[in-house]
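Please look through the sequence and the 3D structure shown here. The paragraphs after it go through a few places one at a time.

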Amino acid sequence: MNFAGRLDGPVLPTEVAVFVRDPFTVAIEGDVSARAKQVVPSIDEGKFALELVDMQSSVTMAQELCTNGPTMFWTDVNVHQFPNIKKVAIVMLSMFGSTYTCESSFSHMNSIKSNSRCSLTDRTLHQCLLGSH
């Protein structure tokens with residue numbers, strides 16, 4: 001099965017990807033909060049919009065994004081001050097990393113199984129998981 005076929009189900013709006021890459025360039029009056037709710041249904045759209053306004057008014061945070069890049073920026077964002085927008089960013093940032101780890105583990109497992117001509121034991125499964133990291 002190809003990569004595109006495996007991603008038919010998830011909703012990944014472009015606006016949310018742009019928001020995660022640079023939350024300071026997203027238009028607040030747009031539909032980014034509604035699109036973010038599609039990705040993470042548990043967030044509050046109104047609070048998401050207010051948190052985005054607060055974040056965009058911070059010159060310090062904009063500088064941190066430029067200096068550290070999106071991944072480190074979102075790691076350092078205060079979850080108590082920005083719970084809704086951080087939740088959306090973390091979901092988006094972690095989505096593909098976990099897919100890669102899973103695919104890598106299965107590939108390694110298949111390699112061990114076909115090369116060793118033995119059944120998958122706890123030991124070989126442990127080696128498989130270590131190999132994926």
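Which residues does Ile-28 touch, not counting residues up to four places away in sequence? Ile-28 touches Ala-49, Leu-52, Val-53 and Gln-56, where contact means heavy atoms within 4.5 Å. This is a predicted model, in which local features need pLDDT of at least 70 and side-chain atom pairs count only at pLDDT 80 or more, while totals for chains, interfaces and linings use all residues. Residues are numbered from 1 along each chain as its sequence is written, and side-chain values use heavy atoms, with hydrogens and water left out.

Ile-28 sits in the loop between H2 and H3; helices are DSSP runs (H or I, at least four residues) numbered from the N terminus. Its relative accessibility is 31%, so Ile-28 counts as partly exposed. Buried means under 20% relative accessible area, exposed over 50%, and partly exposed in between, with a 1.4 Å probe and protein chains only. Between the C-alpha atoms of Ile-28 and Leu-50, 22 residues apart along the chain, the separation is 8.9 Å.

Ser-33 belongs to helix H3, residues 32–39. Ser-33 counts as buried because its relative accessibility is 14%. Leaving out residues up to four places away in sequence, Ser-33 touches Ile-43, Glu-45 and Phe-48.

Helix H2 (residues 14–21) packs with helix H5 (residues 59–76) at an angle of about 125°, and their axes are 9 Å apart. H2 is therefore oblique to H5: angles under 35 degrees count as roughly parallel, over 145 as roughly antiparallel, 65 to 115 as roughly perpendicular and the rest as oblique. Phe-19, Val-20 and Arg-21 of H2 make the contact with Leu-65, Pro-70 and Trp-74 of H5.

How values were computed: Helices (H or I, at least four residues) and strands (E, at least two) are DSSP runs, numbered from the N terminus. Axes are lines fitted to C-alpha atoms, for helices over the stretch in contact, and angles run from 0 to 180 degrees between N-to-C directions.
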